[in-house]
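Work through the exercises below with the sequence and coordinates open. Each task is followed by a solution in steps.

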Amino acid sequence: MAPTVTPTATYSYRCLGPARLEGPGGRPLSLKTRKVAALLYLLARQPGKAVAREEITELFWPGYAEAESRHSLAQTVSLINKELGGTALETYRAGGVTLREGLVTLDVTRFEAAVKAGDNEAAHALWGGRVLEGLNIPRAPDWEHWLAGERARVERLYRGVLHALGEKRRAAGDWEGMERMAETLLTFDSLDEKAMLLCLESMSLRG
C-alpha cells in the first residue's frame with residue numbers, strides 16, 4: 001500500500017472576486033467544479049473543525065437519495081485532495097469533513113483581520129470583489145442563502161472601510177481619492193446619503 005501523503009505546503013485561495021486557487025509560488029490550480037470551489041470555501045472558513053456530512057449534503061445536494069449525495073460528496077472531497085496533493089480533507093466515521101489547519105489561506109480572512117486591526121488601507125488593497133463572485137449553484141437554495149449572508153456581512157465591513165478611507169482622504173486634502181471612495185460606496189448602495197454627500201463635496205472641492 002502506498003504511504004499516505006500529508007500536504008505541508010500552503011495554498012492561497014482568493015475568494016474576494018472570482019474564485020482562484022494558487023499553490024506554492026503562486027502556481028494556479030484548478031477548481032474543477034462549482035461545488036469544489038464552494039465546499040473548499042465552506043471548510044476553509046472553519047479549518048480544523050469537522051462539518052457534518054449531513055450539513056454539507058443538504059447544502060449542495062438537497063433532495064438527493066442519501067447514498068447518491070454521499071457518493072457525490074466523496075467525489076468532491078477526492079477532487080480537492082487530488083488538487084492539494086494529499087489528505088487535505090479528512091472524513092471521519094462520526095460523519096464529519098475537516099480541512100487541515102494552516103493548509104489554505106483565504107484573502108477574506110486576511111481582509112477581516114485587517115478590518116479588525118483598523119488597517120483600512122490593507123483591507124482596501126485586499127478587496128477584489130464580492131465573495132465568490134459569479135459562483136452560483138442551481139438547485140441548492142440553502143447554499144445560495146448561506147452565501148448571500150456571507151456576502152452581505154463582508155460587504156458591510158467593506159463599506160465601513162470605504163467610509164473611513166473617504167474621511168481620511170478628506171482630512172489629507174485628497175479630493176480625487178475622496179471621490180473614488182464615494183463612487184465605490186454608491187455602487188453598493190446608490191441611496192447611501194453619506195456617500196452622496198462625500199461625492200458632492202469632493203466634486204465641489206475639486207472645482
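The model is predicted, so local features need pLDDT of at least 70, side-chain atom pairs count only at pLDDT 80 or more, and totals for chains, interfaces and linings use all residues. Residues are numbered from 1 along each chain as its sequence is written, and side-chain values use heavy atoms, with hydrogens and water left out.

**Exercise 1.** Determine how strand 1 pairs with strand 2 and with strand 7.

*Solution.* Step 1: take helices (H or I, at least four residues) and strands (E, at least two) as DSSP runs numbered from the N terminus, and call two strands paired if DSSP finds at least two bridges between them. Step 2: strand 1 (residues 11-14) runs parallel to strand 7 (residues 104-106), with three bridges. Step 3: strand 1 is antiparallel to strand 2 (residues 20-22), again with three bridges. Step 4: Tyr13 is bridged to Leu106 in strand 7 and to Leu21 in strand 2. Step 5: five residues separate strands 1 and 2 in a hairpin, and Gly17 in its turn has a positive phi of about 110°.

**Exercise 2.** Find the residues with the most contacts inside the largest nonpolar core.

*Solution.* Step 1: a nonpolar core is a set of buried (under 20% relative accessible area, 1.4 Å probe, protein chains only) Ala, Val, Leu, Ile, Met, Phe, Trp, Tyr and Cys residues joined through side-chain atoms within 4.5 Å. Step 2: the largest such core has 51 residues, and Tyr13, Phe60 and Trp143 have the most contacts inside it. Step 3: helix 1 is the main contributor to this core, with nine residues. Step 4: leaving out residues up to four places away in sequence, Tyr13 touches residues including Leu31, Leu40, Val104 and Leu132 (heavy atoms within 4.5 Å).

**Exercise 3.** Which elements give two or more residues to the lining of the largest cavity?

*Solution.* Step 1: on a 1 Å grid over the protein atoms alone, a cavity is a set of points where a 1.4 Å probe fits but cannot get out, and lining residues have an atom within 4 Å of a point. Step 2: there is one cavity of 30 Å³ or more, and the largest has a volume of about 50 Å³. Step 3: its lining includes Leu21, Leu31 and Leu40. Step 4: the elements asked for are helix 1 (34-44) and helix 3 (66-84). Step 5: helix 3 gives the most, four residues.

**Exercise 4.** Describe the largest pocket.

*Solution.* Step 1: a pocket is an open set of points with protein on both sides within 12 Å along at least five of seven lines. Step 2: the largest pocket holds about 220 Å³ of space, a volume being the space filled by probe spheres set on grid points joined across faces, edges and corners. Step 3: of its 13 lining residues, Lys35, Phe60, Trp61, Tyr64 and Ile137 lie nearest the centre. Step 4: helix 3 supplies the largest share of this lining, four residues.

Methods: Buried means under 20% relative accessible area, exposed over 50%, partly exposed in between (1.4 Å probe, protein chains only).
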